[in-house]
Amino acid sequence: MSTGTYAFRHAWELEHRRLELVQEVYDPGTIRHLEALGVGPGWRCLEVGGGAGSITRWLCQRVGPSGTVVATDVETDFLEQLDEPNLEVRRHDITVDDLEDGAYDLVHSRMVLQHLPEREQALERMAAALAPGGVLMEEGLDCGSLVAGPAPDSAFFDDANRRLMDLMAKAGYDPDYGRTIAAALLGAGLGDVGAEGRVAVGLHRTAAAEMWRLTVECFRDRLTGAGVLSDDEIDRLGAFHDDETFSFLYPTMIAAWGLRMPSIS
Ligand SMILES: C[S@@+](CC[C@H](N)C(=O)[O-])C[C@H]1O[C@@H](n2cnc3c(N)ncnc32)[C@H](O)[C@@H]1O
């Protein structure tokens with residue numbers, strides 16, 4: 001089984017912590033959208049790339065005993081720690097492995113396809129897994145908003161992040177992904193497409209600031225190995241997290257959704 005080119009390292013000792021921070025920052029908005037889309041008792045849900053599993057757990061509890069949740073990932077050990085009676089955890093690579101056709105009322109994924117060059121085919125596979133009337137909600141970041149607030153070192157922060165984004169893009173990451181999702185849903189044949197963005201602000205010692213620090217830290221070896229940033233520059237970037245006068249705007253999290261229209265006969 002291929003694991004695509006997903007660039008974060010599951011085996012890294014801080015990866016679970018990084019995923020917890022992702023959840024802390026983004027779950028409230030994700031849940032708000034899922035509630036607005038009507039996810040409720042009895043729904044059959046598919047969560048692609050479930051990570052540390054908080055949205056999977058929320059879905060299990062939301063759909064209740066009459067509903068079901070399939071949560072996939074290429075690395076399933078975090079998901080396997082969940083203890084929900086209506087959950088099936090599946091080791092599955094969205095870039096190559098099949099899904100059931102027409103089986104789900106909800107297909108959701110967050111911060112997964114953005115990393116994968118095969119994202120268009122993956123989205124088509126996810127759309128085909130929807131039952132008629134089912135909804136696909138896809139979430140990903142748009143790095144257009146990543147910018148430092150006014151500070152003596154803001155130019156360094158912005159330049160270092162640009163270099164990090166360039167390195168990630170070489171591994172298949174699309175930093176502009178967020179703005180493309182709604183069009184991709186239309187391209188996959190979905191209707192009633194909508195989208196909304198939300199921007200975290202990285203303030204002194206917040207989850208958002210720590211998440212960014214760990215993102216940079218995770219790439220330390222590759223950044224230094226490729227001569228993109230030195231150890232000192234990475235330390236300087238990490239030190240912003242402890243600076244109470246500093247703030248920055250995070251990449252925008254775009255949530256986009258669309259319906260598989262029932263066929264008219
Ligand atoms: C940034 S994490 C996001 C986790 C979770 N969706 C969230 O937002 O909290 C990306 C997840 O996608 C998984 N992943 C990477 N490549 C994948 C693939 N080809 N198929 C399925 N999952 C994949 C990773 O193992 C990781 O758990």
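**Pockets of the predicted model**

**View 1. Residues lining the second largest pocket.** The second largest pocket is lined by R119, E120, L123, E124, Y177, T180, A184, G187 and A188. Two or more of these lining residues come from each of the elements α3 (119-128) and α5 (181-187). The structure shown in this and the following views is a predicted model.

**View 2. Volume and composition of the second largest pocket.** The volume of the second largest pocket is about 150 Å³. Its lining comprises 4 nonpolar, 2 polar and 3 charged residues. The element that gives the most to this lining is α3, with 4 residues.

**View 3. Centre of the largest pocket.** The largest pocket has a volume of about 750 Å³. Among the 45 residues that line the largest pocket, Y6, L19, G49, M111 and V112 lie nearest its centre.

**View 4. Secondary structure around the largest pocket.** At least two residues of the lining of the largest pocket are supplied by each of the helices α1 (15-36), α2 (54-63), α4 (154-170) and α6 (207-218). The strands β1 (44-48), β2 (68-73), β4 (104-110) and β8 (247-259) likewise each supply at least two residues. With 6 residues, α1 gives the most to the lining of the largest pocket.

**View 5. Residue classes in the lining of the largest pocket.** By class, the lining of the largest pocket consists of 21 nonpolar, 16 polar and 8 charged residues.

Methods: Residues are numbered from 1 along each chain as its sequence is written. This is a predicted model: local features need pLDDT of at least 70, side-chain atom pairs count only at pLDDT 80 or more; totals for chains, interfaces and linings use all residues. Side-chain values use heavy atoms; hydrogens and water are left out. On a 1 Å grid over the protein atoms alone, a cavity is a set of points where a 1.4 Å probe fits but cannot get out, and a pocket is an open set with protein on both sides within 12 Å along at least five of seven lines; lining residues have an atom within 4 Å of a point. Grid points are joined across faces, edges and corners, and a volume is the space filled by probe spheres set on the points. Ala, Val, Leu, Ile, Met, Phe, Trp, Tyr, Cys and Pro count as nonpolar, Asp, Glu, Lys and Arg as charged, and the others, Gly among them, as polar.
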